[in-house]
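Visitor: I would like to go through the terms used for this model and ask what stands behind each of them.
Guide: Then let us take them one at a time.

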Amino acid sequence: MSTIITNVVVVTMNTQREVIKHGFAAWKDGKITAVGTMDTLETVIAEARKHETGDGPCLIDGKGGILMPGMVNLHTHMGMIPFRGLGDDCKDRLRVFLLPMEQRAMDAELVYLSTKYAAAEMLLAGVTTVFDMYYYEAEAARAMDEMGIRGIAGETVMEQEACDFKDPYEALSYGESLMKKYQGHPRISGCVAPHGTTTCSSGLLKAAWELDHAYGAPFSLHTAEMDYEMDYFRGTSGQTPAGYLDSLGVLGKQTLAAHCIHMSESDLQLFAAREASVAHCIGSNTKAAKGVAPVSRMRELGITVGLGTDGPASGNTLDLFTQMKLFANFHKNETKNRSAFPARQVVEMATVMGAQALHMEQMTGSVEVGKRADLVLVETRSANMFPVYDPYSALVYSAGPSNVDMVFVEGACVVKDGKLAEKRLDVLREELERKMAKTAFAENALVSL
């Protein structure tokens, strides 16, 4: 049966960036079948009735809300919900809290439960596609599948012992099994994700690249993020991280580099020439006082840049409404130009450009006939959403996760009336709390878990 959402402002994000002020969108079997103005709706309904039995299509009144493509979170670590708020203002949080706690407390069950909770948080905020990068990623993939989100599960590989594998080549084998398992799945896929330029040997980076390339998967890693990373390459080879990756032959169309804060002009030119993409995590980067990536120049050069939240330990929230606001504000301030990055460009980065970075633009990222029905209805009845002169502006500067009314992934309703449609957030939280109470995380809780 077809489903049609009516009486909405459709922010299509198609190539013309068309906005339909009084429109509708229809879909069937997970695929968008029609997008148009309300004055053509009866024709679409009549056509649907010709090919369907029963009472015809299911009609949903969008009540004047904004219908937009599902958002794409290009970089996060969903298994790290238990770390949120732990040592937020500590200078050396990575060594004091994160790495020790991963070794002491992290296991497959905790990753599974954390990923379910993280998926819920993102769906409630209108994120329908996510690139995740962590450990025990077969459990993350299982959790994402159960939650109904579209996701890529990236098994982290690094030279040093990790919480799931001591040997990085065992992690590579595990990652390949994950990729094989989800081949052909409509929403979930896998990859191997090297941790970073200084935590993986050249051989490990090449092996990961070859494996991802063989399965048509993204090759993603932390790049040009840390001061010590930059110092290391200057001191050892006189290169930059970008130059190093290129010298290994692992910088190309499938490369999705996270952060890219410390990029020289030659680095940017190299990324543009190799058609590599960037996951920009403005919230995490500025919270950690690492700096602001040169996105203005990236876009001038035609580099595809999307938005990521980073993990809940780094950026605290997993919603892209927060990232859109932070992005607009920081980059206007960075460029000393109030008109820099108009709201439409920011929404592009949260939707269609994120899909392009993952090479999913034929599937998701815009509201167009033939694409999968990954859709978000943002209500405009709340106090903060009136008036709406420009829907792009409303989405970037006014809206937040609380304004997300309905979410569809692959045509299935996963959020309705601002709540999970098939799951209960309180149950997901209780399950995660019980598990955390059995681990070292209980030692750091302000109140008993």
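**Terms and the values behind them**

Guide: K116 is found in helix α3, which spans residues 108-124. The model is a predicted one.

Visitor: Why is K116 called buried?
Guide: Residues count as buried under 20% relative accessible area. K116 has a relative accessible area of 9%, so K116 is buried.

Visitor: What does K116 touch, leaving out residues up to four places away in sequence?
Guide: K116 touches A143, E146, M147, L428 and E431. The cut-off for a contact is heavy atoms within 4.5 Å.

Visitor: How far apart are K116 and P401, in sequence and in space?
Guide: They are 285 residues apart in sequence. From C-alpha to C-alpha, K116 and P401 are 18 Å apart.

Visitor: How do you know whether T115 is buried or exposed?
Guide: T115 is placed in helix α3. The relative accessible area of T115 is 0%, and buried means under 20%, so T115 is buried.

Visitor: What makes the pair V111 and T115 a polar contact?
Guide: A polar contact needs N or O atoms within 3.5 Å, one able to donate a hydrogen and the other to accept it. The backbone oxygen of V111 lies 2.7 Å from a polar atom of the side chain of T115.

Visitor: Which residues does T115 touch, not counting those up to four places away in sequence?
Guide: T115 touches M78, G79, A140, A143 and M144.

Visitor: What makes S114 buried?
Guide: S114 is also found in helix α3. With a relative accessible area of 0% against a limit of 20%, S114 is therefore buried. Not counting residues up to four places away in sequence, S114 touches M78, G79, M80, I81, P82 and L432.

Visitor: Which strands run parallel to β1?
Guide: β4 (residues 58-61) pairs with β1 in the parallel sense over 4 bridges. There, D61 is the bridge partner of T6. β5 (residues 66-69) also runs parallel to β1, with 2 bridges between them. The count of 2 meets the requirement of at least two bridges. V10 stands opposite L67 in β5.

Visitor: What makes β6 and β9 edge strands?
Guide: The sheet is open and has 4 strands in the order β6-β7-β8-β9, with parallel pairing. β6 (71-76) and β9 (188-194) each pair on one side only. The twist in this sheet averages 15 degrees from one strand to the next.

Visitor: How many bridges join β7 to β8?
Guide: β7 (residues 127-134) and β8 (residues 150-157) run parallel and are joined by 6 bridges. M133 has G154 in β8 as its bridge partner.

Visitor: Why are α12 and α15 called roughly perpendicular?
Guide: The axes of α12 (residues 320-335) and α15 (residues 391-398) cross at roughly 95 degrees and come within 7 Å. Roughly perpendicular covers 65 to 115 degrees, so the term applies to α12 and α15. From α12, the contact is made by F321, M324, K325, A328, N329 and K332, and from α15 by L395, V396, Y397 and S398. These residues divide into 6 nonpolar, 2 polar and 2 charged.

Terms used: Residues are numbered from 1 along each chain as its sequence is written. This is a predicted model: local features need pLDDT of at least 70, side-chain atom pairs count only at pLDDT 80 or more; totals for chains, interfaces and linings use all residues. Side-chain values use heavy atoms; hydrogens and water are left out. Axes are lines fitted to C-alpha atoms, for helices over the stretch in contact, and angles run from 0 to 180 degrees between N-to-C directions. Angles under 35 degrees count as roughly parallel, over 145 as roughly antiparallel, 65 to 115 as roughly perpendicular and the rest as oblique. Ala, Val, Leu, Ile, Met, Phe, Trp, Tyr, Cys and Pro count as nonpolar, Asp, Glu, Lys and Arg as charged, and the others, Gly among them, as polar. Buried means under 20% relative accessible area, exposed over 50%, partly exposed in between (1.4 Å probe, protein chains only).
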